Amino acid sequence: MSPTENKVPSAAELRMMQLQKEMEEMDRQQKLRAVEETKRSSFAEDFLRHHVSDDERAMIIRLVMNAVKDGKFEALIYTFPSELTTDGGRAINNNRADWPETLQGKALELYRRYVENAKPQGYKLRAMIVNFPGGVPGDVGFYLNWAPDEVA
């Protein structure tokens with residue numbers, strides 16, 4: 001071994017190595033945030049400007065049928081960021097009767113289809129906030145329910 005291979009780095013060199021490592025991690029995190037932001041932006045664009053696709057409708061049917069196979073009477077059929085409601089999910093979070101008025105895009109389309117087609121067949125739909133990142137409403141979940149009405 002040469003004398004330079006056995007050299008113990010100075011404290012300043014170790015701090016510099018640690019700083020470099022932290023800067024690389026910050027850069028990696030920034031790139032991940034940029035990718036996530038692009039995904040969110042694309043999702044929001046699609047959510048607000050396009051209709052519910054045949055694939056999305058087929059997925060909802062599969063979710064319901066899987067729940068039935070599992071002996072359940074309810075299925076989480078759709079989720080979307082609460083920021084895509086007109087009030088950031090507050091009406092849904094507070095279970096206000098006017099929560100459907102805050103919907104837009106595909107969520108509004110799904111709700112209207114529910115009212116026109118599923119509700120007359122005895123289905124119920126409820127919306128609720130399914131997570132709270134940083135303590136604020138995160139995603140909204142639409143739950144479709146086909147349980148029998150409770151006997152009073």
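This is a predicted model: local features need pLDDT of at least 70, side-chain atom pairs count only at pLDDT 80 or more; totals for chains, interfaces and linings use all residues.

1. Let's start with the largest pocket, which holds about 410 Å³ of space. Its lining is made up of 15 residues, and Ile-60, Ile-61, Ile-77, Ala-118 and Leu-144 lie nearest the centre. Two or more lining residues come from each of α2 (54-69), α4 (105-118) and β3 (139-145). Helix α4 gives the largest share, with 5 residues.

2. What is the lining like by class? The lining of the largest pocket has 11 nonpolar residues, together with 2 polar and 2 charged ones.

3. Now the aromatics: the whole structure contains 6 aromatic pairs. In one of them, Tyr-78 and Phe-80 have ring centres 6.1 Å apart and planes at 40°, so this pair is tilted. Tyr-78 is buried at 9% relative accessible area, and Phe-80 is buried too, at 1%.

4. Trp-99 and Tyr-111 form an edge-to-face pair, because their planes meet at 70°, and their ring centres are 5.4 Å apart. This pair joins distant parts of the chain, 12 residues apart: Trp-99 is in the loop between α3 (90-93) and α4, while Tyr-111 is in helix α4. Trp-99 counts as buried, at 10% relative accessibility.

5. Stepping back, ring pairs connect Phe-47, Tyr-78, Phe-80, Trp-99, Tyr-111, Tyr-114 and Phe-142 into a cluster.

Technical notes:
Residues are numbered from 1 along each chain as its sequence is written. Side-chain values use heavy atoms; hydrogens and water are left out. On a 1 Å grid over the protein atoms alone, a cavity is a set of points where a 1.4 Å probe fits but cannot get out, and a pocket is an open set with protein on both sides within 12 Å along at least five of seven lines; lining residues have an atom within 4 Å of a point. Grid points are joined across faces, edges and corners, and a volume is the space filled by probe spheres set on the points. Helices (H or I, at least four residues) and strands (E, at least two) are DSSP runs, numbered from the N terminus. Ala, Val, Leu, Ile, Met, Phe, Trp, Tyr, Cys and Pro count as nonpolar, Asp, Glu, Lys and Arg as charged, and the others, Gly among them, as polar. Rings of Phe, Tyr and Trp (its six-membered ring) pair if their centres lie within 6.5 Å; planes under 30 degrees apart count as stacked, over 60 as edge-to-face and the rest as tilted. Buried means under 20% relative accessible area, exposed over 50%, partly exposed in between (1.4 Å probe, protein chains only).
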